[in-house]
Amino acid sequence: EDNIWTMDGDGELRLTIMATLAQEESRKTSERVRAGQKISRDKGVLYGNGNILGYDRDKNTGTYVINAEQAETVKMIYDLYCAGMGMSQIRDEMIRRHRKDSSGLVRWENSKISRILHNSKGYPAYLKSRRNNFLDQKIIRNRDEDSYMYVKGDFEPIISEEQWERCKQIREQRKRKVHYFSLDGDVIHT
């Protein structure tokens, strides 16, 4: 396409220079995108397609408005979790009650329940994942919730701060109760 003949003496050199310039442009683009994302986070811009259980995306304002039927499901999940149920029990209960997920289906998995219990306090969370570098673009999940950046949303939360904090405490207590066993059955870490 660029009429570079690699069998020429300088063809390979020109190809190497062009590849280096292309890589540098990719790096600069990556930096500009990250800077733009930071500005958007600072301004509280909402990302995503708006398919969040409990909310509908208002096309005029771009913000979220509560969907009453779905919000009832979110509250139910939080209430069941605070009452001592685990993810599998809540999943089974949602199916038993024929509660629909954000796609309008009665299709529940533990991961959906977990996401709801991590996301419904009215503060969008940023920095949940990052790219390893501008070349590979592999997504690396951030498992450290304390390093998330929460920005107060301009929409009404479904769950109160108190209930969200209570569920967070329960999650942390349950994490600490995980036991690791050696092959002979002895507890090696709790």
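1. Leaving aside residues up to four places away in sequence, Arg99 touches Glu69, Glu72, Thr73, Met76, Met94, Leu105, Val106 and Trp108, where contact means heavy atoms within 4.5 Å. This is a predicted model, in which local features need pLDDT of at least 70 and side-chain atom pairs count only at pLDDT 80 or more, while totals for chains, interfaces and linings use all residues. Residues are numbered from 1 along each chain as its sequence is written, and side-chain values use heavy atoms, with hydrogens and water left out.

2. Arg99 sits in the loop between helix 3 (87-96) and helix 4 (110-119), helices being DSSP runs of H or I with at least four residues, numbered from the N terminus. Because its relative accessibility is 14%, Arg99 counts as buried (buried is under 20% relative accessible area, exposed over 50%, and partly exposed in between, with a 1.4 Å probe and protein chains only).

3. The loop between helix 3 and helix 4 also holds Ser103, which counts as partly exposed because its relative accessibility is 46%.

4. The largest nonpolar core has 22 residues, and those with the most contacts inside it are Ile77, Tyr78 and Met94; such a core is a set of buried Ala, Val, Leu, Ile, Met, Phe, Trp, Tyr and Cys residues joined through side-chain atoms within 4.5 Å. Helix 2 (68-82), helix 3, helix 4 and helix 5 (161-176) each supply at least two residues of this core, and helix 2 gives the most, with seven residues.

5. In helix 1, the residues Gly11, Ser30, Ser40 and Arg41 are buried.
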